[in-house]
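Please keep the sequence and the structure in view while reading.

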Amino acid sequence: MGKFFGLREIRAILPQRYPMLMLDRAEQISDTQFVGLKNLSINENFFQGHFPGHAIMPGVLQLEAMKQLGELAVRPQLDPAGELDVYMRVVEKVKFRRPNNPGDRVKVEAEILSVENGEAVVKAQTSNNGGLTCEAKITLATRPKNGPAAMPELHNEFDKCDATPMDVEKIKSLIPHRYPFLFIDYIARIEGDHVFAVKNLTGNEEIFSQAGDYAVMPESLLCEITAQSGCALVLARPGNEGKLGYFMSIDRAEIFEPVYPGDQLIVDIELPPAKGRFGKGTGCIKVGDKVVFQITLMFAIVDA
């Protein structure tokens, strides 16, 4: 039997804290193989908003669990002094296979494929008693634990105004996400198949839950922000009234810059009309004029 990690040992290595810590236990099976456990209880706060009356673990939190197990595995090599932020620089080949619900015990598996040139590549998956639920290939890298260096621009063309086409109440009429898992505040602009959505980040949000005084948004949630923005656009189209949008896969997502409390995230995503019930979109997130994130994703539109 390899090295075992209880909650105390996990917290000594990983910076994530409630409600963003997605591992309860872990074990090193070999030099390259790690296994983790995440028990799901209805008391998890994300089940309140994902979704009311039909609780499902968000797919991106499965991705976060895989990222955290990978970080647990490679942090001694990438950051032996424990002074850096180990982040998800690239995630690709993500497929959301089946749901995890309250009461499930989620098995998280990670295989280290390589550690070189300051980056680690990890192949990972999650499963429950019914089988495989999610899989991904993740590239982890390190960056200094810095913070914002200046005030943002106040106010700009994307700030909410009387002409804003879709406020949060309209968004809530289209998608089932609610607190604490609704990650867009309004739609600032719609231009054909393009939508520009806005998420204003504040330090009061539970997503900024790391040990110490370093606060950065988890990269997995940037995937969720773009997915929710695209979902609101698609479900607002004629013929899609009352339907649901499901996040199916991520071809590739790449993170360029950290995102901090006080940032205004401008989501720009293009989603052409789907042929059938499946569609594909590409998007990016900007802070000011800087692209911090980009993604190619697939979704499905189904009857409620």
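Predicted model: local features only at pLDDT ≥ 70, side-chain atom pairs only at ≥ 80, totals over all residues.

With a relative accessibility of 0%, which is under the 20% cut-off, I225 counts as buried.

Apart from neighbours within four places in sequence, I225 is in contact with F183, I184, K199, M217, L265, V267 and I285. I225 and V198 stand 27 residues apart in sequence, and their C-alpha atoms are 9.1 Å apart in space.

## Packing of α2 against α4

Helix α4, which covers residues 219-235, packs with helix α2, residues 59-78, at an angle of about 160°, and the two axes are 9 Å apart. Because angles over 145 degrees count as roughly antiparallel, α2 is roughly antiparallel to α4. The crossing in which α2 passes α4 is right-handed.

On the α2 side, the contact is made by V60, L61, L63, E64 and K67, while α4 contributes E219, S220, L221, C223 and E224. Sorted by class, this contact of α2 with α4 has 5 nonpolar, 1 polar and 4 charged residues.

## Cysteines

How many disulfides does the structure hold? The structure holds 0 disulfides.

## Cis peptide bonds

The peptide bond from Y18 to P19 is cis, with omega near 0°, and P19 lies in the loop between α1 (7-13) and β2 (25-28). A cis peptide bond also joins H50 and F51, where omega is about -5°; F51 is found in the loop between β3 (33-39) and α2.

## Positive phi outside glycine

K93, although not a glycine, has a positive phi of about 55°, and this residue lies in strand β4, residues 85-96. With a relative accessible area of 54%, K93 is exposed.

N117 is a residue other than glycine whose phi is positive, near 55°. The place of N117 is in the loop between β5 (105-116) and β6 (119-128), and N117 is exposed, with a relative accessible area of 78%.

Methods:
Residues numbered from 1 in each chain as written. Heavy atoms only, no water. Disulfide = S-S within 2.5 Å. Axes fitted to C-alpha atoms, helices over the stretch in contact; angles between N-to-C directions. Helix = DSSP H or I, 4+ residues; strand = E, 2+ residues; numbered from the N terminus. Parallel < 35°, antiparallel > 145°, perpendicular 65-115°, else oblique. Left-handed = near helix turned anticlockwise from the far one by under 90°. Contact = heavy atoms within 4.5 Å. Nonpolar A, V, L, I, M, F, W, Y, C, P; charged D, E, K, R; others polar. Buried < 20%, exposed > 50% of the residue type's maximum accessible area, 1.4 Å probe, protein only.
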